[in-house]
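Thanks for coming. I have one chain to show today, and I will keep it short.

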Amino acid sequence: MKLIKRLSTTLSATLDSAVGQLENHDAIVEATIKQTRQSVAKTKARINTLKQQLNAYEQQLTEAREQYNLWTERAAKLAESDQTKALQCVARRNQYEAEVGRLNHAALQQRELIRDVAHNLEKLQGKLDEMTHKHNLMRSRQTVADVNRAVASIDRDESINETFERWESVVLEHEFAVSDACVRDPLDLELTRAEDEADLLAQLKMIQTEHKTSQEQSHE
């Protein structure tokens, strides 16, 4: 019996240690998922910022092209009537031409950056979905394992069975005591029944007498 109890205690301690490790793993995974979810949110916000910058570049590019066309047209109109101003218009045209080139290059780099960040976001989101799925699966398996452990612990606990046996023994003693107290002498039962019947007959005769007297008084 002592050997069984020692083995049971050792096994219980081992299971408790395993549960502690599972809870620790759960906390680690949950923290990692939280960090990854925050990274996903930050990356999405970064992409939105990059897209806003790209929109700004494209708007500036449109304006620079309009200015390039405007100064080109002005240079053409003033070429014969005012060469000095026409040359100034060409200089302005060249400035906007350089601006168009700069903005084109900036917009191209911005698109490549958005594409790279979006690709990383896709991988990050996939990793988050995978970890979340595995986390939920492991939690479900741990719940089943905890239930099985609880059932196994109850099955191993001999003291509870002994308690039930002692309880049943006490209840049986009480049941037997009540049963013995309820057993009466047959003669006592017979005489008591006869006495009760005689008492009822006496009451009945009294009722009949009172009823007869009442009727006679009513006729008078």
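Predicted model: local features only at pLDDT ≥ 70, side-chain atom pairs only at ≥ 80, totals over all residues.

Of the 220 residues in the chain, 12% are buried. The chain exposes about 17500 Å², and 55% of that comes from carbon and sulfur atoms. As for contacts with a separation of 6 or more, 84% are between residues 24 or more positions apart.

Now the core. Which residues make up the largest nonpolar core? There are 11 of them: Ile33, Val40, Ile47, Leu50, Leu54, Ala107, Ile114, Val117, Leu121, Leu128 and Met131. Helix 1, residues 2-78, and helix 2, residues 83-156, are the elements that each give two or more residues to this core. Helix 2 supplies the largest share, six residues. Take Leu121 as one example: apart from neighbours within four places in sequence, Leu121 contacts Val40, Thr43, Lys44 and Ile47.

Next, the surface. Ile160, Phe164, Trp167 and Val171 form a nonpolar patch of about 410 Å². Trp167 belongs to helix 3, which covers residues 158-182. Is Trp167 buried or exposed? The cut-off for exposed is over 50% relative accessible area, and Trp167 has 57%, so Trp167 counts as exposed. For background, nonpolar side chains in soluble globular proteins tend to be buried together.

That is what I have on this chain.

Terms used
Residues numbered from 1 in each chain as written. Heavy atoms only, no water. Patch = residues over 30% accessible without salt bridge, like charges linked within 9 Å, V, L, I, M, F, W, Y side chains within 5 Å. Areas by Shrake-Rupley, 256 points an atom, 1.4 Å probe, with all protein chains shown as cover. Salt bridge = Lys/Arg side-chain N within 4 Å of Asp/Glu carboxyl O. Helix = DSSP H or I, 4+ residues; strand = E, 2+ residues; numbered from the N terminus. Buried < 20%, exposed > 50% of the residue type's maximum accessible area, 1.4 Å probe, protein only. Contact = heavy atoms within 4.5 Å. Core = buried A, V, L, I, M, F, W, Y, C linked by side-chain atoms within 4.5 Å.
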